[in-house]
Amino acid sequence: MSDMRIALIGTGSWGTAMAGLVASHGHDVVMWSYDADPVIEINERHTNACYLKDYTLPGNVTATNSHEEALTGADAAIFAVPSAFLRGVARDCAPYVSDSLPVLCLAKGIELGTGLLMSDVIASEIGHPERIAALSGPNHAEEICHGSLSASTIACESVEVGEFFKELTLSPAFRVYLSSDMVGVELCGAMKNVMAIICGIAAGSGMGDNALALIMTRGLAEISRLVHACGGEAMTCMGLAGMGDLIVTCTSRHSRNRTFGEAFAHGESLEEYQSRRRMVVEGAAAARSVSELARSKGVDVPLTFALESVLYGGVTLESVLETLVNRIPNEEFYGLDE
Ligand SMILES: NC(=O)C1=CN([C@@H]2O[C@H](COP(=O)(O)OP(=O)(O)OC[C@H]3O[C@@H](n4cnc5c(N)ncnc54)[C@H](O)[C@@H]3O)[C@@H](O)[C@H]2O)C=CC1
Ligand SMILES: O=C(CO)COP(=O)(O)O
């Protein structure tokens, strides 16, 4: 793979770490930023301290606020925009994306109102879904930018496109596995954020390690039921995008979802937390969109429904907990038959 020019859409923490990873392989990376400040900082000082502290980008990474400038002449595009903004950003990029450009999606979420995966949101704006891949796994940007060992899964319909992005991102410290199960990989990425908020709330409310293991395990069961109902493979839930990402997001101090849950248990609102951290808590939006998708498929996702009712239904934590612990336990693996 000779040196290429890669458009990296988004200058948040994951976009910045991924830009560094790709650029370290010798490719020129042009980042598109929604905000003006990161463009000046990246071009003048090679840092993006608001999103990634103590990290210096390689010199072959530049930034712009122009979609056209980022995408013209690109050999591939990587979308690293929070899920809530992805459709609008993809729409603005569409005029500059050629029909055959390979595209990699890093966003984790489900679109409210449509139930679409993030790769499908991009496809509905730029067309040609067969050239779009999704990368998901236990990948906190704060560790990857410093070369700490990590791994991820790239899912794609096209083996050729999957292999292309694997080669673009693979390094000894960043191991990349391939999958053809886009539904499983992307749904896992959206749903583990919900479980991480619930784990944060549990920890912040004083529950112990047994309770956190219970939430992660029953969370994985409900993730598997929805993946299966949507046509994905339950085994994907056992992989990096499933169990791997669930563990890291539910336990890591870097996780915004987990730390928001803890802050919420101590009385901070979603709005207060997001403006304090200048970051998006995607599990909060996913509690709603995943619940909507599960209802449309007739799938039981009690933990997700519980978070939805606490965040948006005015239900108290105490009453939701009482409902959850008074449910009569079912067969451990119900809902996975044909
Ligand atoms: N941070 C991480 O370690 C990881 C993040 N991800 C996923 O990557 C995606 C990007 O997340 P992060 O880089 O963490 O974002 P972030 O929370 O660090 O940054 C937020 C970004 O959103 C941009 N933004 C704000 N308002 C906007 C608007 N109206 N339109 C467009 N952009 C706007 C900001 O400029 C900033 O670049 C998310 O879907 C996240 O789940 C996945 C794996 C790891
Ligand atoms: O997806 C992530 C880690 O893989 C990021 O998780 P948080 O959004 O909770 O920080």
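A residue is called buried if 20 or more other C-beta atoms lie within 10 Å of its own, exposed if 12 or fewer do, and partly exposed in between, with the C-beta atoms placed from the backbone. The structure is a predicted model, in which local features need pLDDT of at least 70 and side-chain atom pairs count only at pLDDT 80 or more, while totals for chains, interfaces and linings use all residues. Residues are numbered from 1 along each chain as its sequence is written, and chains are lettered from A and ligands numbered from 1 in the order in which they are written.

- Helices (H or I, at least four residues) and strands (E, at least two) are DSSP runs, numbered from the N terminus.

**Domains and their contact**
- The domain assignment, automatic or from a database, gives domain 1 (5–180) and domain 2 (189–325), and their C-alpha centres lie 25 Å apart.
- To the contact between them, domain 1 gives 20 residues and domain 2 gives 24 residues, two residues being in contact if their C-beta atoms, placed from the backbone, lie within 7 Å.
- On the side of domain 1 that touches domain 2, at least two residues each come from H4, strand S7 (150–156) and strand S8 (174–179), with S7 supplying the largest share, 3 residues.

**Ligand 1**
- Around ligand 1 there are 25 residues, of which Gly12, Trp14, Tyr34, Phe85 and Ala141 come nearest; a residue is near a molecule if its C-beta atom, placed from the backbone, lies within 6 Å of it.
- Helix H1 (13–23) and helix H4 (83–93) are the elements that give two or more residues to this shell.
- Because domain 1 (5–180) and domain 2 (189–325) both give residues to the shell, ligand 1 lies between them.

**Helix H14**
- The buried residues of helix H14 (residues 302–312) are Leu303, Thr304, Phe305, Ala306, Leu307, Glu308 and Val310, and their cover includes helix H8 (182–204), helix H9 (209–229), helix H13 (282–297) and helix H15 (317–325).
- Just after H14, Gly314 takes a positive phi of about 70 degrees.
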